[in-house]
Amino acid sequence: MNTFDFTAACIIPTGVGASIGGFAGDASPYINLLSKVCPIITNPNSINAAVFSGINDNIFYVEGLAIDLFFKGELALRPSKYNKIGVLFDKAISEKVLNVHINTINAVKSTYGMNITGYKITKEAVGVEFFVSESGISTGKLNNPDSLIETARELIDAGAEAIAAVCFFEIPENDEQYSLKGGVDPVGGVEAVISHILTEKFKIPVAHAPAFVESELIIGGNIVDKRVAAEYITPTFLPCILKGLYNAPKLITKDKFADCDITVDSVKALIMPYDCLGGLPVFAALQKNIPVIAVQDNKTVLDITPETLGIEDKIIIVRNYQEAAGLLLAMKNGIWF
């Protein structure tokens, strides 16, 4: 029997203003609680927290597009340890900020003994643009995605098994909406675009951390919303993604599935914010008769609820993640049907 035959997924989509998990590692306590019941598949931004990380040995750190492909049955997850990580830097990053990140790589290698194969800088600026749409969702685009892909390929050819991408971002306008008022993370959506591009191309673990103009502008001197505090005490967000990628599962294409791999058939529940049920994993889970648990306390800027979708009878509604953990435990022990 596969050790991971009872696995669950807890997804908190990026850039939709989730009141839990839409900030900097603020969903970590809840995902850690769920992981005490069984292994949990989650997306990086649910547990990334700049220089901190909510990852533990029972959490599978899987990029968002890879989660979609996993639920479609096109990818499996192969548990892995000590991945060789290559770091990709955007040419647009200034020398001063780049040096902070290189020092960070060396500090992480010295402290955790991580196998970071090296870093490469794109030949041209990636050209990141981001904004919050009229619907309130964070989104954006890259003006030069080919430069990103080319540099990632060089890192993989040099032996990297996972890619940590660091692209240059301008300081967000109206950042106080996020840092002080708990609004939508303005850069989260385009960060997902970056990681999606590399995941689709190479089918390896990928995560992204932004680099801004000068560290003083990021660290600042204001007291911010406690859910974003991790991002306002450091000039680099790189440590959390290195920690996640180091033991991230390998992505296995369907033609290479093995008995040891975790497939969608191993997933016994999918946990989502209550008003954010429009993604591919939800519909794939319903099609495969995987219970979908909607957490009422986690609110987003969306309104994709069981009621608006007309699937009230197919969704299990709970108030909070504590109730979700209890339900998951009941499922695991065979006392909930």
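## A buried strand residue

Buried here means under 20% relative accessible area. By that cut-off A76 is buried, because its relative accessible area is 0%. Keep in mind as you read on that this is a predicted model.

A76 lies in strand β6, residues 75-78. Setting aside sequence neighbours within four places, A76 is in contact with F70, K250, L251, I252, F257, D261, I262 and T263. Take F257 from that set: A76 and F257 sit 181 residues apart along the chain, yet their C-alpha atoms are separated by 6.6 Å.

## A serine tucked into a loop

S46 is found in the loop between β2 (40-42) and β3 (48-49). Is this serine buried or exposed? S46 is buried, with a relative accessible area of 0%.

The S46 side chain makes a polar contact with the side chain of T42, at 3.4 Å. Beyond its neighbours within four places in sequence, S46 touches I12, G25, A27, S28 and I31.

## Helix α4 and its cover

Helix α4 runs over residues 145-157. Its 13 residues reach 19 Å from first C-alpha to last, close to the 18 Å expected at 1.5 Å a residue. After α4 comes G159, with a positive phi near 115°.

Which residues of α4 are buried? They are S147, L148, I149, T151, A152 and L155. In an α-helix there are 3.6 residues a turn, so residues three or four places apart point the same way. The cover over the buried residues of α4 includes the strands β7 (85-89), β8 (116-121), β10 (138-142) and β11 (162-168), along with helix α6 (188-202).

## Salt bridges

The whole structure has 8 salt bridges. Side chains of opposite charge can pair when their charged atoms come close.

Shared partners join K123, E150 and E154 into one network. K123 is partly exposed at 48%, and E154 is partly exposed at 26%.

D57 also pairs with K81, the closest N and O atoms being 3.5 Å apart. Again the link is between distant parts of the chain: D57 is in the loop between β4 and β5 (59-61), K81 in the loop between β6 and β7, 24 residues apart. D57 is exposed at 66% relative accessibility, while K81 is partly exposed at 43%.

## A nonpolar surface patch

V51, F52 and I233 form a nonpolar patch on the surface, with about 270 Å² of accessible area together. F52 belongs to strand β4, residues 52-53, and is partly exposed at 46% relative accessible area.

Technical notes
Residues are numbered from 1 along each chain as its sequence is written. This is a predicted model: local features need pLDDT of at least 70, side-chain atom pairs count only at pLDDT 80 or more; totals for chains, interfaces and linings use all residues. Side-chain values use heavy atoms; hydrogens and water are left out. Helices (H or I, at least four residues) and strands (E, at least two) are DSSP runs, numbered from the N terminus. The expected span of a helix is 1.5 Å times one less than its number of residues. Buried means under 20% relative accessible area, exposed over 50%, partly exposed in between (1.4 Å probe, protein chains only). Contact means heavy atoms within 4.5 Å. A polar contact is a pair of N or O atoms within 3.5 Å; within protein, one must be able to donate a hydrogen and the other to accept it, and residues adjacent in sequence count only if both atoms are side-chain atoms. Patches are made of residues with over 30% relative accessible area and no salt bridge: like charges are joined within 9 Å, nonpolar side chains (Val, Leu, Ile, Met, Phe, Trp, Tyr) within 5 Å. Accessible areas come from the Shrake-Rupley method with a 1.4 Å probe; for residues, only the protein chains shown count as cover. A salt bridge is a side-chain nitrogen of Lys or Arg within 4 Å of a carboxyl oxygen of Asp or Glu.
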